[in-house]
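Please have the sequence and the coordinates open.

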Amino acid sequence: MNHEVAVTGLGVMAPHGDAPGALFQALLQGRSAIQPVFPELPKPAAAATVAFDETRWFTKLQLAGVDRVSQLAVAAADLAMRDAGIGTGDADPERIGVFAGCGMGGAAALEAAYRGNGRVSPLTIPAFMPNAPAAHVAMRQGVQGPVLTYSVACASSSAAIAEAAKAVQRGEVDIAIAGGSEALIVPGVVLAWQAMQTLATFQPGEAAGAVRPFAADRSGFVLGEGAAFLILESAERARARGARSYATLAGWGLSSDATHLTKPDAPGQARALRAALRQAGLQPRDVGYCNAHGTATRIGDVVERNALADVWGDDIDALRVSSTKALHGHMLGAAGALEALITVLAVHERQLPPNAHCKQIDPACGLNLVQPGDTAAPSLEAAVSNSFAFGGTNSVLLFRRA
C-alpha cells in the first residue's frame, strides 16, 4: 500500500531565526544574513551564522560532548514536532523514525582537538561523528524506530527526506522526523573551502551581497550553518488527527553523475528531475517553481540551468527559479532540508523568494529568475527543490499543494 506523504510540521534553526514564517518573510524581502567572519584569516571570509541560545534546550551538564551541529538538530527537530502537534505518547515510539542528513559532523569538536595543544577531550569522537545529530534527536524525542544518517555532501538532508518519505509511503513508520544539520563555521573548515577556490570573493563592506546565483559577475558561495526538519506522515493519519498539512511530498528523484567528484553533470541532474516528476505523475509544465541548488559557482549554475532546460524544454520560461543561498549561505549537509522547508512554504503561501543580488544574468544561465518585488505566485500548484552534491549525488524533492 502506498500512502500519500504529508508535511505536517516545520522546524528550523537558521541564520534568519527559528520561526519558519519569519524566515520566509526575510527571504521574500531579500534580507541577507551573510556577514564577515574570522578577521584573523589571511583572506577575507564571510558566513551566515545562527544566533542560538543552547540553554533553551540543554542544561550545562547535558552540553558535555554535544557539538553545535547536534544542538541545532535537537532544537529544530523539537520545534518541528511541536509545530506538528505531536507530543509524548501520541505515537508508538517504535513507529517513529529519524532520517537526518549531515555532511561533516562536529567541526567545532575537531577544531578544538586540533588546537588543544595536546589536550583532547575524551568526548571528541562522540561529538564529531556525523550520526550524532540523529542520535541526539532520537534520544530527545524517545524515538525507537529507524534512526539513520545520510552523508552525501550537499545532498545529504534532501536524500534523508526522500528516504523518510519512502518509509512513510510504505507504512514502515507512522511519523518521520526528516531533515538535517550542519555547523562548519570554524577557521579550519573555512580555510579548506577557500583553498578549493569555491567561496565568493568580496570587497570590504560588501559581504552581505557576495553570493550572486546565476549572475554574470558571480564568484561562488559562502558557508552557512543551521538545521531544519520536516515532520512527514501519511495524509490519512494527518486527517484522522486533524493536523494541518503544509503540502504533500509527491515525488523525489535520486541519481548519480558517475563522472567526476566535484564537477557537476547536467544529464545526471536531469535524471533526478525526471524521476521526481515521474513519481509525482506530473509534466514539467505542472511545476511552477524551482528552488535551485544555485551555488553561484562559474560551472555549477550553468550545468543546473542546462539540466532544467533539458527537462522543461519549451516550457522552461514558465518555470520560475531562485536560489535562496544568496541570503542564507550554503549549509552543505543541511542545505537540502532548509531549502525543502522554504519550498514547502512557497507552495503553501503561493509566494516565491527572489533570486537576490543578480543585477545582470549570465547569458549562459538563461532562466526565468524570480525578481525582487515580483514574488506572488497565485496559481502555484507544485514546486521542486534541487540538491546537487560533490561526489555526484543528485536529489530532487517535489512538493504539491495540500
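Which residues in H2 meet which residues in H5? Val 69, Ser 70, Ala 73, Val 74, Ala 77, Asp 78 and Met 81 in H2 meet Ala 132, Pro 133, His 136, Val 137, Arg 140 and Gln 141 in H5, contact meaning heavy atoms within 4.5 Å. The model is predicted: local features need pLDDT of at least 70, side-chain atom pairs count only at pLDDT 80 or more, and totals for chains, interfaces and linings use all residues. Residues are numbered from 1 along each chain as its sequence is written, and side-chain values use heavy atoms, without hydrogens and water.

**Helices H2 and H5**
- The axes of H2 (residues 68-84) and H5 (residues 132-141) come within 8 Å and cross at roughly 45°.
- By class, their contact has eight nonpolar, three polar and two charged residues.

**Strand S13**
- Seven of the seven residues of S13 (residues 382-388) are buried (under 20% relative accessible area, 1.4 Å probe, protein chains only).
- Ala 382, Val 384, Asn 386 and Phe 388 point one way, and Ala 383, Ser 385 and Ser 387 point the other way.
- In a regular strand, side chains alternate between the two faces of the sheet.

**Partners of S13**
- S10 (residues 289-291) pairs with S13 in the parallel sense over three bridges (pairing needs at least two DSSP bridges), and Cys 290 stands opposite Val 384.
- S14 (residues 393-401) runs antiparallel to S13, joined by seven bridges; Ser 395 in S14 is the bridge partner of Ser 387.
- Four residues lie between S13 and S14 in their hairpin, and Gly 391 in the turn has a positive phi of about 95°.

How values were computed
Axes fitted to C-alpha atoms, helices over the stretch in contact; angles between N-to-C directions. Helix = DSSP H or I, 4+ residues; strand = E, 2+ residues; numbered from the N terminus. Nonpolar A, V, L, I, M, F, W, Y, C, P; charged D, E, K, R; others polar. Buried < 20%, exposed > 50% of the residue type's maximum accessible area, 1.4 Å probe, protein only.
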